[in-house]
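Trainee: Please walk me through this structure. I would like to learn how to read its features.

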Amino acid sequence: MKLVDNKATLSFSNGSPSVEMPVYAGSIGPDVIDIRKLYAQTGMFTYDPGFLSTASCQSAITYIDGDKGELLYRGYPIEQLATNCDYLDTCYLLLNGELPNDKERGDFHKLVINHTMVNEQMQFFLRGFRRDAHPMAVLTGLVGALSAFYHDSTDINNPEHRRIAAIRLIAKMPTLVAMAYKYGIGQPYMYPRNDLSYSGNFLRMMFGTPCEEYKVNPVLEKALDRIFILHADHEQNASTSTVRLCGSSGTNPFAAIAAGVACLWGPAHGGANEACLNMLEDIQRQGGVSKVGEFMEKVKDKNSGVKLMGFGHRVYKNYDPRAKLMQETCNEVLAELGLENDPLFKLAKELEKIALEDEYFVSRKLYPNVDFYSGIVQRAIGIPVNLFTGIFALARTVGWIAQLNEMISDPEYKIGRPRQLFTGSERRDVKPLASR
Ligand code: CMC
């Protein structure tokens, strides 16, 4: 954080003394005004619901330029990482700040791949859930339960504990997601295999059975790996901020990540891919491409409560770069599976075309986000719709843990404790029941 040769002065029309506040510059992106002493100096808070203008922390992990449609992990453009690296390279980068060299890469891959098994007790924990429970409900429970199993990595203030927890979480998430899926469909759990890649192993745990050998399809393996890379981190989004806020109390890391899983579930965040596919299926049932115009009218009608899911973003006011990469993967996967004429893909492209030309979307700078195409890819791979957000959680775990660890190592970090503008009743006395 660099102090710049600039100061902000806040003055008041009622004659209260004005205050000067320092301004800091990041390496790229907007400068920030340091308002930490504002309350002490003025007795006032700032008001910023939804954090539209508030930087809650300093971070060196991920940078988004929403106007350009640019996403950088540790300075590297997402397009280059998605084409030149795999997910575990990306995890190493997010956690350590640099891409691994050959030896570091081999060691890291081995470390993660060798920790994919979960404590056998987890199976019994799973049995407490109804078979038709939403996988995100199950995952929130399972991830939280990890804190009860791994007592040597629960002290957030110990760097070695944080390192071990990071590896455990990245390694075990695919196993937990696959277990949640297998439990739901009543099939036996598949133990991980260390001779497969991270994504290949996940595909086998999901779709293999003990009855026969499972052969990993390299196109689907690559597609899944790309989904993981594209979802690995996204700076201070709702779930990451949740993890930071939760972890700021010093709680154990597995519990903080479970809070992130819970937040991600919502349809405005990680649940958008599920909501998007449900939306496409709904339009398809009502007549498909011919009904697109009618559907768009509903989206534009503020009273309808209908949104075009997979469109719009708090930060991107341009094409989400992940959506472009996902569209490319969509083409590859559908071609591999002979589904080039998939009606939902056609429908999605038609919706995108209309939206990109429509004044409603253009004037509000609404573009497709990553979730617009990720659902179609996942569905083609065979992943059930209600597990889409679970896949997102699996991939985002590295981002959450990298951000959590960054926060704990930051000397400026404090427990998160927002303030409020109170609009409720002033002090009053409880009346006896008879006179209320
Ligand atoms: N369909 C129709 N109108 C929309 C949409 C949409 N998908 N998104 C935003 N708008 C309108 C919104 O109604 C508002 O209109 P007006 O100015 O007339 O009131 C305007 O565009 C600005 O939107 P906003 O709600 O103020 O923007 P926000 O930054 O608070 O919300 C968002 C961002 C992602 C919650 C929202 O765009 C949305 O709900 N999109 C659909 C859900 C979705 O795809 N979410 C996935 C986000 S990407 C994955 C992730 O990183 O988690």
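**Reading the model**

Mentor: The shell around the ligand divides into eight nonpolar, eight polar and four charged residues. Ala, Val, Leu, Ile, Met, Phe, Trp, Tyr, Cys and Pro count as nonpolar, Asp, Glu, Lys and Arg as charged, and the others, Gly among them, as polar. This is a predicted model: local features need pLDDT of at least 70, side-chain atom pairs count only at pLDDT 80 or more, and totals for chains, interfaces and linings use all residues. Residues are numbered from 1 along each chain as its sequence is written.

Trainee: How many residues surround the ligand, and which are the closest?

Mentor: A residue is near a molecule if its C-beta atom, placed from the backbone, lies within 6 Å of it. Here 20 residues surround the ligand, and the closest are Ala272, Lys307, Gly312, Arg314 and Asn369.

Trainee: At what angle do the axes of H7 and H8 cross?

Mentor: Axes are lines fitted to C-alpha atoms, for helices over the stretch in contact, with angles from 0 to 180 degrees between N-to-C directions. Helix H7 (residues 159–185) and helix H8 (residues 198–207) have axes that come within 9 Å and cross at roughly 20 degrees. H7 is therefore roughly parallel to H8 (angles under 35 degrees). By class, their contact has seven nonpolar, two polar and no charged residues.

Trainee: Is Asn252 buried or exposed?

Mentor: A residue is buried if 20 or more other C-beta atoms lie within 10 Å of its own, and exposed if 12 or fewer. Asn252 is buried, because 21 other C-beta atoms lie within 10 Å. Asn252 sits in the loop between helix H10 (238–247) and helix H11 (253–264).

Methods
Helix = DSSP H or I, 4+ residues; strand = E, 2+ residues; numbered from the N terminus. Parallel < 35°, antiparallel > 145°, perpendicular 65-115°, else oblique.
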